[in-house]
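Please read it alongside the sequence and the coordinates.

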Amino acid sequence: MTDQADSPSFRLAYVPGVTPAKWVRIWEERLPDTPLTLLQVAPAEACEMLRGGAADAAFLRLPVDRTVFSAIPLYTETTVVVVPKDHVITAAEEITLDDLADEVVIHPLDDVLGWSELPGEPAFERPRTTEDAIELVAANIGVLIVPQSLARLHHRRDLTYRTLVDAPQSAVALSWPEEATTDLVEDLIGIVRGRTVNSTRGRAQQAPPQQREPRRTAGSGGGTAGARGRGGGTRSGGSAKGGSGTRSGGGARGAGGGTKGGSGTKGGGRRGTGGGKPRRRS
């Protein structure tokens, strides 16, 4: 694992449609001293940025070259077809590729679905970007098939979309050069995988040791449970037959001034030797 102490920040690239906000928020909470620089890049440029060292990691769309890059798949997107709001397709919530057989399907150069064979009729030309293709859909030139996040990113009031149940799908992953797995990359992996701060690899924090309370014993002294001790305990300070405890000060037959002996309610006790006066007979 390499050290990244010389880097003033962590550079995180992401492709259109990916929203890294929730991961960025956790990063800022856990690593406030390491600024996170976000770089939005075109899908075709993400791997080149990683390869050339312009970014430390990236949220991108699979596939990637697994001989060079490590990747953790995060989620797979639903594929939709973008159409004008008054298009006949909008009558159904879900459609199939066969429903597009008579439609002109626009295929932008930055397409991320990797079609082996595009459905429908091909458009006259291929626009450069998905954003350009959206403009053509709005002009009723054709329809566009994209991951749902891109349909939301380029939302227009005059357009809508419907789910394509049998179309190719796009998977989003966290990727980085395998030979550049730094401590900060491990921190980011822990964040996207939902690890807690104490389980994040390389950043575990030890909780302070808990102080143990002194152990109480039933020996001598003023303990609460010293029923048979010799001190002035709460329940019985002295022994069962002597002392000055609360419950039995001088025992039933003791020589002290207890409840039944000594100067207690019944005087010096007929059997005791305390200092009470014997009762006079009337």
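The points below go from the basis of the model to one helix and the sheet beside it.

1. This is a predicted model, in which local features need pLDDT of at least 70, side-chain atom pairs count only at pLDDT 80 or more, and totals for chains, interfaces and linings use all residues. Residues are numbered from 1 along each chain as its sequence is written, and side-chain values use heavy atoms, with hydrogens and water left out.

2. The protein has five helices and eleven strands; helices (H or I, at least four residues) and strands (E, at least two) are DSSP runs numbered from the N terminus. Of the 282 residues, 40% are buried, meaning under 20% relative accessible area with a 1.4 Å probe, protein chains only.

3. In helix 3 (residues 130–138), the buried residues are Thr130, Ala133, Ile134 and Val137. They cover an arc of only 105° around the axis, which puts them on the same side of helix 3; the arc is that of the directions from the helix axis to the C-beta atoms. Asparagine 140, with a positive phi near 65°, follows helix 3.

4. The buried residues of helix 3 pack against strand 5 (79–84), strand 7 (104–106), strand 9 (143–147) and strand 10 (159–164), where contact means heavy atoms within 4.5 Å.

5. Six strands form an open sheet in the order 6-10-5-9-7-8, with mixed pairing; two strands pair if DSSP finds at least two bridges between them. Strand 6 (94–95) and strand 8 (121–122) are at the edges with a single partner strand each, so one side of each has no neighbour in the sheet.

6. Strands 6 and 10 run parallel and are joined by two bridges. Glutamate 94 has threonine 163 in strand 10 as its bridge partner.

Terms used: Buried < 20%, exposed > 50% of the residue type's maximum accessible area, 1.4 Å probe, protein only.
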